[in-house]
Amino acid sequence: MKKSVKAAALLASAAMVVGLAGCGGAGTAATGKTGRPLVTFMLTDFEGSPLTGEHSDEVKNKVAEYTNTDVEFQWVANDSYSEKIGLALANPSDMPMVMSIGNFNAAIIDAAESGAFWDLNEFIWDEEKYPNLSKANKNVCQSLTLNGKLIGLYKSRDIGRNGMGYRTDWAEKLGLGVPKTVEDVYNMLYQFTYGDPDGNGVKDTYGLAMCKHTGPFDIMQTWFGCGNGWVEQNNRMVPVHQTKEYQDALDWLRKIYEDGLMAPDWAVRDTSTWADQVKKGESGVFVDVMDGSRRIWDYFVNNKVPSVADPSKLASMTLLGPVNGKTQATTGYNGFLVITKAAKTKAQVEACLHFIDKMDDNEMLLLTTYGLEGVNYHVDNEGYLVQDTIGDPSALKAYGPLNQSQVFISGKTTDPAPKDNPRVQKQKEVVKLNEQYAVFNPALAYLVNSPTYSTQGAILDQLLSDARTQYICGRIDKKGLEAEYTKWNKQGGEHLVAEVNEQYQKNKR
C-alpha cells in the first residue's frame, strides 16, 4: 500500500497542465478556462521536461486554437508508466480521459472487460465528424476488438513494411533478374553463394543473411500460402504449423540450410551483426523490414562502396516486397489510445475524438514533426521543407512529445515535406505497393480474447519457433517435429485452437 501511494504521489507531481479543468454537465463536454472543451491525456515522458523551452507556449497555443480544445497532459516517466497505468486502472477516479497503451496485456484486457473503456465503433466511422479516424483499416481494428467492442485507436505503422532486399550489383554481375517465385529466390541464394558474386575468386559469400532473430522465416513462409500465424481453412481458424503449406516452407528453408546458402552458425549470430553481413559483402539477401534494406543501401552510398558489376558506380540494394504474390503484413499498429470512462458522457468522448482527429490534419502533423515555421524549419525555393534545428534536442522538446497524442490513421504525409533521397523514395513506393499483397493474421483479435493465450501464449509461440529452428538445422526430423507439435497441443495448444474457433464461429453469425 505504501509503495502504491508513494508512486501515485510521485507520478502526480509529474503532471503538466496545459489547460485547466472546469465542470461539464450531463451530456456535455467538460470545459477549460477558455470555454473550450477539455480533454485529459496520460502520455510517456521519455526524456524529461516535455513541452518546455523556448517557443513551447507558442506551440501549445497553436494546438489549442487549431483543435479548439484545452488539453491537460499528464506526463509519466517511461520507467514508471506501466505502474501508473496499473494504478489508474485500479482507481478509476485517477484515470485521464485518454491513455496511451503500449500493448495488450492481462490488466488491459481485464479493464476492458470490466467496462473501463468506451466502444469506439459507435463513434469513429462517422466520416463527417472524423474525416481522419474514419479511414481506419478494419483489419487492424480487429486486433483491438474485444468481445465485439473496439477499445482503442491504433497508432498506425506501415502494413507493407516487410519484404526482401538484395544486392543489385551482385544480381547484375551474375545475370539474375528480379525474383518473383520461391524458385527464383532459391536460385538467387544459390548463385550468391556459389557463383562468386563479388568476383574475387574465393568462396566467401552466402546467399541469405541470417541471425538468431527468426523473423525472416516468418516472412518467407508466408510466400508459400500458409498464412500469417493463423489461416482460415475449411471454415475454421487453423494455426499455420498445422498446414501443408507450412511444411512445404520448412522443407524449403531446411534445403537452404543443407545446401549452405546461409551461414551454418546463423542461429547463434547476434542480431546487432545481422545487417553487417550484407554491408561487408558476406551475404547478398536481407529479409526483414524494407527500411532495413534501405539502410544497407545508405551504407553503400555513404561509404562509397563500389559496385562489383561496374566499379564506376556504387553498390545498391533492390527492395522487393512480395514473392509468389505474398508478403507478411505487420500488425499495422504500434500501441494505441483508449478513451476511458473518465470521459463520462458521449459529448466528452466526442471531444476526445475530435481532438485526436484534428491532430492528424496536415497543420498538426507539420507542427509535431517539424515544429514552427520560421523557427524550426523553412521552405526552400523548390517548395521543400528544410529543418533548421534538427540537431538541437532542446528545440525538439517544445513540440516533439505531442506526437504521442496522434494516431496517424489518415495516412497523410506533411505538405511541405523534406526532399527525400532516391533511396527513401523507393522504400516508400515498395512499402505502399506491398499493402495489396500483405497477409494479415486473421486470429489476432481472437488471441487477445483467449484465456489460454493470455497465460501460455509466449510459451506456445516459443515452442513452435524452437521446433522450426531445430528442423531447419537438421537437429530433428519430421517425426521429431510432430513430437514438438504434440507437446504444443498438450501444453495448451488444443485449448487455444478451441477458444479461437469458438470466437470465430460466433463472429460469423
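**Helix packing, sheet and local geometry**

A: The crossing of α2 and α12 is right-handed. This is a predicted model. The axes of α2 and helix α12, residues 346–358, come within 10 Å and cross at roughly 115°.

Q: Which residues make the contact of α2 and α12?
A: From α2 the contact takes V63, Y66 and T67, and from α12 it takes H354, F355 and K358. Sorted by class, the contact of α2 with α12 has three nonpolar, two polar and one charged residues.

Q: How do the axes of α2 and α13 run relative to each other?
A: Helix α2 covers residues 56–67 and helix α13 covers residues 362–370; their axes come within 11 Å and cross at roughly 165°. Because of that angle, α2 is roughly antiparallel to α13.

Q: And is that crossing left-handed or right-handed?
A: The crossing in which α2 passes α13 is left-handed.

Q: Which side chains are involved there, and of what classes?
A: On the α2 side they are V59, K62, V63 and Y66, which meet E363, M364 and L367 of α13. The residues of the contact of α2 with α13 comprise five nonpolar, no polar and two charged.

Q: What about α7 and α9: at what angle do they cross?
A: The axes of helix α7, residues 182–194, and α9 cross at roughly 10° and come within 11 Å. The two helices are therefore roughly parallel to each other.

Q: Which residues meet between α7 and α9?
A: V182, V185, Y186 and L189 in α7 meet W252, K255 and I256 in α9. The contact of α7 with α9 has six nonpolar residues, no polar residues and one charged residue.

Q: Changing topic to strands: in what order do the four strands of the open sheet lie?
A: The order is β9-β12-β8-β13, and the pairing in this open sheet is mixed. The edge strands, each pairing on one side only, are β9 at 206–208 and β13 at 317–320. From one strand to the next, the twist averages 20°.

Q: How do β8 and β13 pair, and over how many bridges?
A: Strand β8, residues 162–167, pairs with β13 in the antiparallel sense over four bridges. The bridge partner of Y166 in β13 is T318.

Q: How many aromatic pairs does a search of the whole structure find?
A: The search finds 14 aromatic pairs. In one of them, the rings of W274 and F286 have centres 4.6 Å apart and planes at 40°, so the pair is tilted.

Q: Where in the chain do W274 and F286 sit?
A: W274 is in the loop between α9 (244–258) and α10 (276–279), and F286 is in strand β12. The two residues are 12 apart, and the pair links distant parts of the chain.

Key
Residues numbered from 1 in each chain as written. Predicted model: local features only at pLDDT ≥ 70, side-chain atom pairs only at ≥ 80, totals over all residues. Heavy atoms only, no water. Axes fitted to C-alpha atoms, helices over the stretch in contact; angles between N-to-C directions. Parallel < 35°, antiparallel > 145°, perpendicular 65-115°, else oblique. Left-handed = near helix turned anticlockwise from the far one by under 90°. Contact = heavy atoms within 4.5 Å. Nonpolar A, V, L, I, M, F, W, Y, C, P; charged D, E, K, R; others polar. Pairing = 2+ DSSP bridges. Phe/Tyr/Trp six-rings, centres within 6.5 Å; stacked < 30°, edge-to-face > 60°.
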